[in-house]
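Notebook open, structure loaded. I want to go through the chains one at a time and then look at where they meet.

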Amino acid sequence: MTPSSPDAAGRQPDFATLTSPKWRSALARARHRPEGAPRGRGILLTVAGLLFLAAAFGISYRTVTYFKEVEEIGQLLAGKLLGMAFLAFLSILLLSNLVSALSTFFLARDLDMLVAAPLDWGRFYLAKLGETVIHSSWMVALLALPLLAAYAVAWDGGWLFPFVALGALIPLLIIPGVIGSAVTLILVNVFPARRTRDLLGLVTILAAGALVVMLRMLRPEQLARPEGFQNLVDFLAVLRTPSHPLLPSEWASGMLMNWLTRVADPLPIALLWTTAGAAVVMGAALHRRLYVSGFARAQEGADSFVRGTRWDGVARRLLVGMPPMRREFILKDLRTFFRDSTQWSQLILLGVLVMVYLFNIQALPLFTGEKVPVLLVTLIAFLNQGLAGFVIAAIAARFIFPAVSLEGRQMWLLRSSPLDPIAMLRSKYLVGVLPLLLLAVGLTYSTNKLLRASDFMVLVSLLTVVCYTLAIGGLALGIGTLFPQYDSENAAQIPTSFGGLVFMLLAVALLGAVISLEALPVVEHLRAAQAGAPAGMDATGWLAFGAAAALCVLAGWLPLRLAARRLRHLEV
Amino acid sequence: MIRLRDVTKRYGKFEAVRGIDLDIGRGELFGLLGPNGAGKTTTMRMIAGILAPSSGTIEVGGEDIIRHPMRAKARLGFIPDRPYVYDKLTGAEFLRFTAALYGQDGAVVEERMDELLELFELTPWKHELTESYSHGMRQKLIIACALVHKPEVIVVDEPMIGLDPKSAKLLKTLFRRYTELGGTVLMSTHTLEIIEGLCDRVGIISKGELVACGTVDELRRSASADGAGMEELFLRLTGEHIEHDLDALLT
């Protein structure tokens with residue numbers, strides 16, 4: 001046989017050919033309608049996306065114009081806001097590129113084929129870097145769109161502004177991509193790739209949590225109220241943090257603000273693009289030196305270390321007396337969750353979310369010395385139910401919604417065994433809902449105490465959150481089964497699917513309905529309390545609470561019933 | 001033990017399996033043979049209760065797999081062609097979980113697990129996560145899983161892929177002994193020597209239809225191919241032939 005390789009012919013595949021399996025697959029996925037998926041799926045997704053973008057634009061525009069109109073320092077404040085937003089983007093991008101680079105450069109399925117091919121290392125690096133940057137950045141770029149549009153409208157950026165914005169965004173996306181890939185490359189050369197993945201997952205979650213806490217603790221809302229500062233020095237100190245003139249986020253915001261305010265200063269543009277170019281060159285040099293050894297290390301055996309054997313024994317003892325099928329199913333779900341660092345580390349993010357939530361409630365300017373009307377406190381405590389409900393729904397989306405999808409590759413075992421789908425759903429419901437219920441009750445009780453809500457409101461809030469959590473558990477599990485993602489290996493991506501959107505829409509609709517129904521008896525109770533009449537509840541009040549409870553039962557039970565039917569007829 | 005009557009499986013307009021009738025008795029080792037995409041895996045998965053037939057009936061041990069799936073599945077052990085297991089469970093935990101799916105646990109299961117792990121030489125990796133197992137080790141683990149609850153019928157899709165010669169030999173001996181003790185095995189394979197040396201009867205599937213069924217000698221006679229090798233017999237029965245200019249392709 002005569003060898004005939006690209007090297008021998010002197011030709012190398014171009015960038016489009018090299019990346020074609022990825023973009024062609026993405027196009028095919030976009031065109032393909034999964035079996036059983038509703039026809040209006042694409043339209044619903046587009047409408048939801050546009051509504052989100054419109055809402056984000058509205059909020060951004062209001063904020064930007066508010067800052068812009070502050071006398072004398074308006075422009076400075078708006079520039080500061082853009083710099084902070086870009087700094088947040090940069091931090092997120094750096095973290096997400098770390099994880100993406102590990103997957104695209106070291107763990108992807110196409111690597112065996114690409115590494116075995118006589119492919120020029122520079123092209124390989126650029127193709128994989130491009131893939132990493134796109135994977136990590138598309139969501140940030142989408143989030144930047146309404147923000148930049150708001151700046152463009154507020155300052156009348158002109159028709160060239162989109163190109164200027166692209167000119168600022170592209171290097172801002174490339175720089176963290178190169179840094180993330182380089183750090184991953186070094187880490188893989190030190191640790192085995194799978195251990196690196198655990199490590200990176202944990203570091204990413206911790207860093208993301210720290211970033212959210214840091215940004216929240218900075219209390220950016222104070223910038224809008226300069227009168228709240230004791231003196232000008234304090235205000236200026238806050239204005240200076242947390243930026244630095246050597247950060248690419250500062251150059252990008254400087255470049256855009258220069259364009260918007262008609263300042264001719266080429267320095268930020270030059271700094272951005274030369275840094276991005278230099279970063280790519282240095283990244284490529286590092287890749288050439290370390291990639292082969294790193295890739296070889298990544299092929300080493302997976303982790304065989306078993307974590308948490310002591311807790312395993314405790315859980316086993318707690319479940320004694322259960323039928324073996326249910327007990328082993330619960331144990332299996334607990335083991336697979338706590339042994340997978342990409343799963344359990346999300347709990348850290350959850351902790352941060354809860355902390356920020358409690359901080360926000362505490363930061364409400366309610367008890368600053370003046371007497372606050374009971375009506376206002378009750379109203380906020382009542383509306384807090386909505387906020388708590390939304391947090392519960394988001395947590396259910398992340399932890400309960402993917403439960404059945406994660407069985408995907410092992411479904412052959414479950415479907416060929418005499419396992420009753422209802423038993424499986426019951427086990428998953430139990431594992432998901434019990435911790436969620438504890439969290440929901442704890443969160444509601446503590447926020448009500450922080451708000452100094454009345455006993456009546458505490459009771460209403462607790463009963464509501466219990467009913468809602470039980471319903472949300474069923475809804476998440478049921479919708480997750482009806483819109484499964486059996487091919488997905490990443491649990492965090494499953495809630496971002498179409499089914500995840502359907503679940504969140506239904507969860508919010510249920511929350512709205514429950515709160516609307518309860519508003520009637522709560523208002524009646526307040527009126528009675530203000531009039532000094534004895535607190536009690538009439539038939540309408542009981543009826544409203546009963547209807548809310550019935551709605552929760554239906555919302556939790558019906559999806560589970562449909563899910564059980566779907567599982568009985570499932571073909572995998 | 002396995003009975004198929006006029007079984008058809010359609011995906012939209014495409015018929016993957018068309019009107020299959022098949023009876024496999026107790027103690028029989030039946031081999032299913034056919035070209036890629038002929039419908040073997042679809043048939044096996046329908047018998048295992050993973051896919052539902054579009055029409056026709058399937059019985060395992062006298063129990064209809066659609067009307068009484070729990071009773072039918074309790075009698076069956078299924079070994080798929082791709083050994084997907086829970087990466088974050090140890091081999092022992094995965095076996096224990098599988099036994100529990102069949103309602104079994106306790107000392108009897110623990111003892112049987114140890115025996116099976118010993119048989120497949122997995123004991124040293126018993127308490128290690130399956131993500132560190134090789135393909136062959138995973139394959140052996142899912143074979144152990146199919147046996148842990150002592151099924152009456154084993155349905156196995158391409159059992160030898162990924163197994164080393166020693167394990168393949170062990171598996172052949174195990175299936176033979178299992179059928180001698182009254183168990184039933186339905187296996188699909190592309191390894192013609194297994195079909196010839198191990199199976200009591202063979203079914204040939206081509207384009208979704210069962211085109212031939214019987215002992216190897218019966219198939220030879222029906223195809224007027226006395227003395228022909230298994231490869232030639234297979235090509236003759238499935239109507240397949242190789243007509244490519246390989247020289248042009250390889251130079």
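This is a predicted model: local features need pLDDT of at least 70, side-chain atom pairs count only at pLDDT 80 or more; totals for chains, interfaces and linings use all residues.

**Chain A, first pass**

I started with the secondary structure of chain A and counted 22 helices and zero strands. Next I looked up burial, and 35% of the 572 residues in chain A come out as buried. Then I checked how far along the chain the contacts reach. Taking contacts in chain A between residues at least 6 apart in sequence, I find that 84% join residues at least 24 apart.

**H11 against H12, chain A**

I picked one helix pair to look at in detail. Two packed helices are described by the angle between their axes and the distance between the axes, so I looked up both. Helix H11 (residues 248-260) and helix H12 (residues 267-298) of chain A pack at about 140 degrees, and their axes are 8 Å apart. Roughly antiparallel would need an angle over 145, so H11(A) counts as oblique to H12(A). I also looked up the hand of the crossing of H11(A) and H12(A), and it is left-handed.

Which residues make the contact between H11(A) and H12(A)? On the H11(A) side I noted A:Pro248, A:Trp251, A:Ala252, A:Gly254, A:Met255 and A:Asn258. H12(A) brings A:Pro268, A:Ile269, A:Leu271, A:Leu272 and A:Thr275. Sorted by class, the H11(A) contact with H12(A) has eight nonpolar and three polar residues, and no charged ones.

**A:Thr342**

I clicked on A:Thr342, which is found in helix H15 (residues 341-344) of chain A. Buried, exposed or partly exposed? I get 18 other C-beta atoms within 10 Å of A:Thr342. Buried takes 20 or more and exposed 12 or fewer, so A:Thr342 goes down as partly exposed. Leaving out residues up to four places away in sequence, A:Thr342 touches A:Gly201, A:Ala491 and A:Ala492.

Over to chain B. I traced an open sheet of six strands in the order S6-S7-S8-S3-S9-S10, with mixed pairing. Which strands stand at the edges? They are S6 and strand S10 (209-214) of chain B; each has a single partner strand, so one side of each is left without a neighbour in the sheet. Ignoring direction, neighbouring strands of this sheet are turned by 15 degrees against each other on average.

I walked through some of the pairings. S6(B) and S7(B) run parallel and are joined by four bridges, with B:Phe78 opposite B:Val155 in S7(B). S7(B) pairs with S8(B) in the parallel sense over five bridges, and B:Val153 has B:Thr184 as its bridge partner in S8(B). Further along, strand S3 (residues 29-33) and strand S9 (residues 201-206) of chain B pair in the parallel sense over four bridges. There, B:Leu33 has B:Ile204 of S9(B) as its bridge partner.

I stopped at strand S7 (residues 153-157) of chain B to check its cover, and five of its five residues are buried. In a regular strand the side chains alternate between the two faces of the sheet, so I looked at which way they point. B:Val153, B:Val155 and B:Asp157 point one way from S7(B), B:Ile154 and B:Val156 the other way, and all are buried.

I also looked for a helix on this sheet. Helix H6 (residues 165-180) of chain B lies across S3 and strand S8 (184-188) of chain B, and runs at about 145 degrees to S8(B).

**Chain B, the four-stranded sheet**

Chain B also has an open sheet of four strands in the order S2-S1-S4-S5, with antiparallel pairing. Strand S2 (14-24) and strand S5 (63-64) of chain B are its edge strands, and each pairs on one side only. Strand S1 (residues 2-11) of chain B pairs with S2(B) in the antiparallel sense over seven bridges.

**Where B meets A**

Last entry: the interface. How many residues are in contact across it? I get 34 residues of chain B in contact with 28 residues of chain A. I then asked which elements of chain B supply that side. Helix H2 (69-74), strand S6 (76-79) and helix H3 (91-101) of chain B each supply at least two residues. H3(B) gives the most, with six residues. By class, the side of chain B that touches chain A has 19 nonpolar, eight polar and seven charged residues.

How values were computed: Residues are numbered from 1 along each chain as its sequence is written. Chains are lettered from A and ligands numbered from 1 in the order in which they are written. Two residues are in contact if their C-beta atoms, placed from the backbone, lie within 7 Å. Ala, Val, Leu, Ile, Met, Phe, Trp, Tyr, Cys and Pro count as nonpolar, Asp, Glu, Lys and Arg as charged, and the others, Gly among them, as polar. Two strands pair if DSSP finds at least two bridges between them. Axes are lines fitted to C-alpha atoms, for helices over the stretch in contact, and angles run from 0 to 180 degrees between N-to-C directions. Angles under 35 degrees count as roughly parallel, over 145 as roughly antiparallel, 65 to 115 as roughly perpendicular and the rest as oblique. A crossing is left-handed if the near helix is turned anticlockwise from the far one by less than a right angle, and right-handed if clockwise.
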